Amino acid sequence: MKENEASATAYAVMQGLLHIGRANTYPGLVSAETMETGTKILSASPEGRRRIAQLSSPLMKAAVPLIEWATLPGLTLHYALRKRYIEAAVRAAMAEGVTQVVNLGAGFDTLAWRLHLAHPEVNFIEIDHPATSGVKAPALRQIGTMGDNLHLLEVDFTTQTLADRLGGLSGFKADRPTMFVCEGVITYLTRDEAGVLLQTLNDLCAVPPRLVCTCVVPAGSPDDNIGPFLGIYLKLKGEALKWRIAHEDVGPFFAEHNFDIDEIASPTVIKPRFIEGPLKGTLHRSEYGVIARGVV
Ligand SMILES: C[S@@+](CC[C@H](N)C(=O)[O-])C[C@H]1O[C@@H](n2cnc3c(N)ncnc32)[C@H](O)[C@@H]1O
């Protein structure tokens with residue numbers, strides 16, 4: 001990403017989520033609380049306000065299908081399903097005793113904000129690049145008083161290590177059962193960096209951690225329906241995809257780094273969990289969910 005600018009993809013995810021929520025194509029898919037919090041987060045920055053204004057522009061609304069075709073067909077629905085999938089995994093882990101949730105590359109995600117006041121017994125940590133975090137932190141402070149159980153940690157993964165930064169954060173409790181969230185982020189790491197990340201998660205925790213993340217299938221595989229211009233767009237934004245992995249390679253790769261897989265869920269599996277009835281449009285298929293747990 002560009003050094004001094006908050007992540008363009010973090011803005012795009014929240015803008016896409018607000019678009020599908022406003023369209024109300026699938027009532028209830030994006031909760032009112034998510035809509036309200038996401039709108040407030042974007043409203044706190046000039047770029048966010050520009051993107052909110054775009055949501056009401058007739059020209060922009062008409063252009064969404066073309067933008068989706070060019071980049072990620074089914075993009076805005078995909079963001080909504082991806083967020084519901086992650087939230088369900090986090091809530092399930094909390095119900096099973098997880099008391100710490102760490103979101104790696106949280107962007108403008110609302111989950112930790114929404115859950116932290118209702119769950120004071122759970123410690124939430126959001127980690128992001130200083131440029132993105134620097135926009136989100138004041139936005140959250142404008143929304144309300146942040147509880148003691150929500151921590152925002154600035155880390156630039158290109159120059160700093162998670163082990164040093166998270167390991168050195170007094171708010172991080174290594175002995176708590178922890179779930180890490182890595183939504184739409186692993187694909188921006190190289191294969192080696194992703195391996196180091198997995199190993200680091202295990203090393204940081206006294207209790208084997210859990211992880212919910214998303215991965216992207218390799219170009220040209222049968223499930224790949226990424227559009228023709230996504231690569232160019234992401235390169236221009238300095239956020240090129242670096243690593244993609246097939247469903248069948250996830251188990252061995254994670255095992256190499258001491259994680260067992262609980263679930264690999266493609267969008268075709270995820271969709272009926274959150275939408276009853278037929279699909280109204282295209283389902284993005286390239287990115288899928290993975291739930292795993294550390295074994296050491
Ligand atoms: C595609 S966005 C995903 C945001 C969020 N997880 C979501 O899905 O809503 C990628 C995120 O990775 C973060 N990121 C990119 N490069 C980074 C770096 N070098 N260090 C830390 N975070 C980085 C960006 O700031 C951005 O928030």
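Which residues does Ile 226 touch, not counting residues up to four places away in sequence? In the predicted model, the residues in question are Leu 72 and Ser 286, where contact is defined by C-beta atoms, placed from the backbone, that lie within 7 Å. The model is predicted, and local features accordingly need pLDDT of at least 70, side-chain atom pairs count only at pLDDT 80 or more, and totals for chains, interfaces and linings use all residues. Residues are numbered from 1 along each chain as its sequence is written.

Ile 226 is found in the loop between β5 (210–216) and α10 (230–236). Helices (H or I, at least four residues) and strands (E, at least two) are DSSP runs, numbered from the N terminus. Burial is assigned from the other C-beta atoms, placed from the backbone, within 10 Å of a residue's own: 20 or more for buried, 12 or fewer for exposed, and in between for partly exposed. Ile 226 counts as buried because 22 C-beta neighbours lie inside 10 Å. Between Ile 226 and Ala 53 the sequence separation is 173 residues, and their C-alpha atoms are 27 Å apart in space.

Helix packing was examined next. Two packed helices are described by the angle between their axes and the distance between the axes. Axes are lines fitted to C-alpha atoms, for helices over the stretch in contact, and angles run from 0 to 180 degrees between N-to-C directions. Angles under 35 degrees count as roughly parallel, over 145 as roughly antiparallel, 65 to 115 as roughly perpendicular and the rest as oblique. A crossing is left-handed if the near helix is turned anticlockwise from the far one by less than a right angle, and right-handed if clockwise.

For α1 (8–23) and α2 (32–43), the axes come within 10 Å and cross at roughly 140°. The two helices are therefore oblique to each other, and α1 passes α2 in a left-handed crossing. On the α1 side the contact involves Met 14, Leu 17, Leu 18 and Gly 21, which meet Met 35, Gly 38, Thr 39, Ile 41 and Leu 42 in α2. These residues divide into 6 nonpolar, 3 polar and no charged, with Ala, Val, Leu, Ile, Met, Phe, Trp, Tyr, Cys and Pro taken as nonpolar, Asp, Glu, Lys and Arg as charged, and the others, Gly among them, as polar.

Helix α2 also packs against helix α7 (residues 130–143), with axes that come within 8 Å and cross at roughly 125°. This angle makes α2 oblique to α7, and the crossing is right-handed. Thr 37, Lys 40 and Ile 41 in α2 meet Lys 136, Ala 139 and Ile 143 in α7. By class, this contact has 3 nonpolar, 1 polar and 2 charged residues.

In the packing of α5 and α12, the angle is about 80° and the axes are 10 Å apart. Helix α5 is thus roughly perpendicular to α12. His 78, Leu 81, Arg 84 and Tyr 85 of α5 make the contact with Pro 267, Ile 270, Lys 271 and Phe 274 of α12. The class composition of this contact is 5 nonpolar, 1 polar and 2 charged residues.

Lys 271 lies in helix α12 (residues 267–274) and is partly exposed, with 19 C-beta neighbours inside 10 Å. Apart from neighbours within four places in sequence, Lys 271 is in contact with Leu 81, Leu 279 and Leu 283. The C-alpha atoms of Lys 271 and Leu 283 are separated by 8.4 Å, the two residues being 12 residues apart along the chain. Ala 88, in helix α5 (residues 75–95), is likewise assigned as partly exposed, with 16 C-beta neighbours inside 10 Å.

Positive phi values occur at two asparagines. Asn 24, which is not a glycine, has a phi of about 55°. Asn 24 is placed in the loop between α1 and α2 and is exposed, with 10 other C-beta atoms within 10 Å. Phi of Asn 258 is near 65°; Asn 258 is found in the loop between α11 (247–256) and β6 (259–265) and counts as partly exposed, with 17 C-beta neighbours inside 10 Å.

Around the ligand there are 20 residues, of which Ser 7, Thr 9, Gly 105, Gly 107 and Thr 132 come nearest; a residue is near a molecule if its C-beta atom, placed from the backbone, lies within 6 Å of it. Helix α1 gives the most to this shell, with 3 residues. By class, the shell has 8 nonpolar, 8 polar and 4 charged residues.

Methods
Two residues are in contact if their C-beta atoms, placed from the backbone, lie within 7 Å.
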